[in-house]
Amino acid sequence: DEARQLFVDRMNETVKLFQLRNTHYMNPHGLDQDGHYSSAYDQAIILRAALNYPQIRDCMQTLSRRVADRYDLYNGNQLLAERSDYIGGKTGLTDNCGYCLAGAARNEQGRMVIAVALQDDWSWFWDVSLLLDYGFELMEQRGIPAWAEPSLVGTQLSQQPETTRPIQTAGAQPTAPRQGGP
């Protein structure tokens, strides 16, 4: 369909704008297809850019939502309920890649860490949580100069998200987290 292809073309234009070297899109939904690929590093850059948009952050932080007074949609990202510092992220699962999670958290000083895990089992939430903790630990040990404000393709990411707590909409109940998380 023409509209779908135009959207995919725009996605690949954004890849070039962000100077991503290991990402190419063939479809808008991210499912396996020849020529459709990305790296953990590129996914971290994409997540960091997406977090600049309050509407995207709101979607990432929403635990559940009732649609058309009939359907309940649930966010399967367990870290929303597990970590008070969690900003949001993107889960994924395909046959070729396995379980994927790009997640971001912000510490008390406003510094953000993004971690990406590619797994073959449900440990992906646990692994991203451990990587986020490790990133904050390294920042504390090594120190971050005050002038090192994070930026990406000309946009500052120093603004605070409206909330780091999950959003619960009326009428839908969150699902219980799976065992084995952080």
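Predicted model: local features only at pLDDT ≥ 70, side-chain atom pairs only at ≥ 80, totals over all residues.
Let's start with the overall layout. The protein chain has five helices and eight strands, and along the sequence they run α-α-α-β-β-α-β-β-β-α-β-β-β. Of its 182 residues, 38% count as buried. If you take the contacts with a separation of 6 or more, 53% of them come from residues 24 or more positions apart.

Now to α5, residues 124-142. From first C-alpha to last, this 19-residue helix reaches 27 Å, close to the 27 Å expected at 1.5 Å a residue. Which residues of α5 are buried? They are Trp124, Phe125, Val128, Ser129, Leu132, Gly135, Phe136 and Met139. These sit on the same side of α5, because they cover an arc of only 140° around the axis. As a reminder, an α-helix has 3.6 residues a turn, so residues three or four places apart point the same way.

What covers that buried side? The cover includes α4 (79-82) along with strands β3 (86-94), β4 (98-106) and β5 (112-119). On the face turned away from the buried side, you'll find the exposed residues Gln141 and Arg142.

Last stop, the surface. Val67, Tyr71 and Leu73 make up a nonpolar patch there, with about 270 Å² of accessible area together. Tyr71 belongs to strand β2, residues 71-74, and is partly exposed, at 45% relative accessible area. For the protein chain as a whole, the accessible surface is about 11,400 Å², and 52% of that belongs to carbon and sulfur atoms.

Technical notes:
Residues numbered from 1 in each chain as written. Heavy atoms only, no water. Helix = DSSP H or I, 4+ residues; strand = E, 2+ residues; numbered from the N terminus. Expected span 1.5 Å × (residues − 1). Buried < 20%, exposed > 50% of the residue type's maximum accessible area, 1.4 Å probe, protein only. Arc of directions from axis to C-beta. Contact = heavy atoms within 4.5 Å. Patch = residues over 30% accessible without salt bridge, like charges linked within 9 Å, V, L, I, M, F, W, Y side chains within 5 Å. Areas by Shrake-Rupley, 256 points an atom, 1.4 Å probe, with all protein chains shown as cover. Salt bridge = Lys/Arg side-chain N within 4 Å of Asp/Glu carboxyl O.
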